Amino acid sequence: MKQLDEFLIPFAGLKLGKHQFEYQIGKSFFEGFNFDEYEDVQVKVNVVLEKKSTLLELAFKHQGTVNVPCDLTGELFDLPVKGKIKLVVKFGEEFNNENEELLILPHGEHQVDVKQYIYEMIVLSVPQKKVHPGVQDGSLQTPALDKLKSLSVGEPKAEKESETDPRWDQLKKLLTDK
């Protein structure tokens with residue numbers, strides 16, 4: 001994966017307090033991860049870095065759309081996505097990112113790379129089952145949906161009451177003749 005310098009946040013020269021960073025994520029960002037499930041991506045990511053004396057707190061927030069194929073029809077549509085995560089960055093002996101909410105950087109490090117966290121946040125905000133909104137409200141007309149409707153199992157047709165077995169009719173008369 002190629003190094004994307006725009007996602008390296010140099011915190012060494014920053015004053016204590018909150019600092020805001022903004023990123024516009026497109027399809028090329030995911031190509032760097034060899035991830036090609038999205039046809040197009042338009043996501044805006046805000047990162048607020050709060051620098052404290054012994055640690056850093058990062059708050060990630062994103063909102064936008066990803067263009068994905070519908071799982072039922074195969075039609076492409078823009079799926080709205082949004083989400084947020086928090087990350088605490090502490091300093092220790094060696095690099096450790098095993099915990100999803102805690103990142104340990106070695107002493108002497110002067111920048112933090114946020115691209116992996118942005119990638120995971122966006123990918124995890126896309127639901128497993130992607131259904132076109134036109135399928136849900138019934139406004140989408142495609143050959144795939146027409147075929148699904150023709151193959152679906154309909155409601156069983158109720159037998160007409162007039163076509164009852166004459167033997168049952170005779171038994172019913174016995175109950176009412178008492």
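1. A residue counts as buried when its relative accessible area is under 20%, and as exposed when that area is over 50%. The model discussed here is predicted. Leu79, a residue of strand E5, has a relative accessible area of 11% and is therefore buried.

2. What surrounds Leu79? Beyond its neighbours within four places in sequence, Leu79 is in contact with Gly64, Thr65, Val66 and Val68, and also with Val126, Pro127 and Lys130. Pro127 lies 48 residues from Leu79 along the chain, and the C-alpha atoms of the two are 9.5 Å apart.

3. Strand E5 pairs with E4 in the antiparallel sense, through 14 bridges. Within this pairing, Val88 of E5 stands opposite Glu57. Six residues separate the two strands in the E4 and E5 hairpin, where Gly74 adopts a positive phi near 85°.

4. E5 also pairs with E6; here the strands run parallel and are joined by five bridges. One of the residues involved is Lys90, whose bridge partner in E6 is Ile104.

5. The largest nonpolar core comprises 36 residues, and Ile25 and Ile118 have the most contacts inside it. At least two core residues come from each of strand E2 (17-25), helix H1 (27-31), strand E3 (40-51), strand E4 (56-69), E5, E6 and H2.

6. Which residues does Ile118 touch, leaving aside its neighbours within four places in sequence? The partners are Phe7, Tyr23, Ile25, Phe29, Val45 and Phe60. Ile25, in this list, is the other residue named above for having the most contacts inside the core.

7. The largest pocket has a volume of about 480 Å³. Its lining consists of 23 residues, and those nearest the centre are Asn97, Glu100, Gln116, Tyr117 and Glu120. Two or more lining residues come from each of strand E5 (76-92), strand E6 (102-106), strand E7 (111-113) and helix H2 (115-125).

8. Which element gives the largest share of the pocket lining? H2 does, with six residues. By class, the lining holds nine nonpolar residues, with seven polar and seven charged ones.

Terms used:
Residues numbered from 1 in each chain as written. Predicted model: local features only at pLDDT ≥ 70, side-chain atom pairs only at ≥ 80, totals over all residues. Heavy atoms only, no water. 1 Å grid on protein atoms, 1.4 Å probe; cavity = no way out; pocket = protein on both sides within 12 Å on 5 of 7 lines; lining within 4 Å. Points joined across faces, edges and corners; volume = space filled by probe spheres on them. Helix = DSSP H or I, 4+ residues; strand = E, 2+ residues; numbered from the N terminus. Nonpolar A, V, L, I, M, F, W, Y, C, P; charged D, E, K, R; others polar. Core = buried A, V, L, I, M, F, W, Y, C linked by side-chain atoms within 4.5 Å. Buried < 20%, exposed > 50% of the residue type's maximum accessible area, 1.4 Å probe, protein only. Contact = heavy atoms within 4.5 Å. Pairing = 2+ DSSP bridges.
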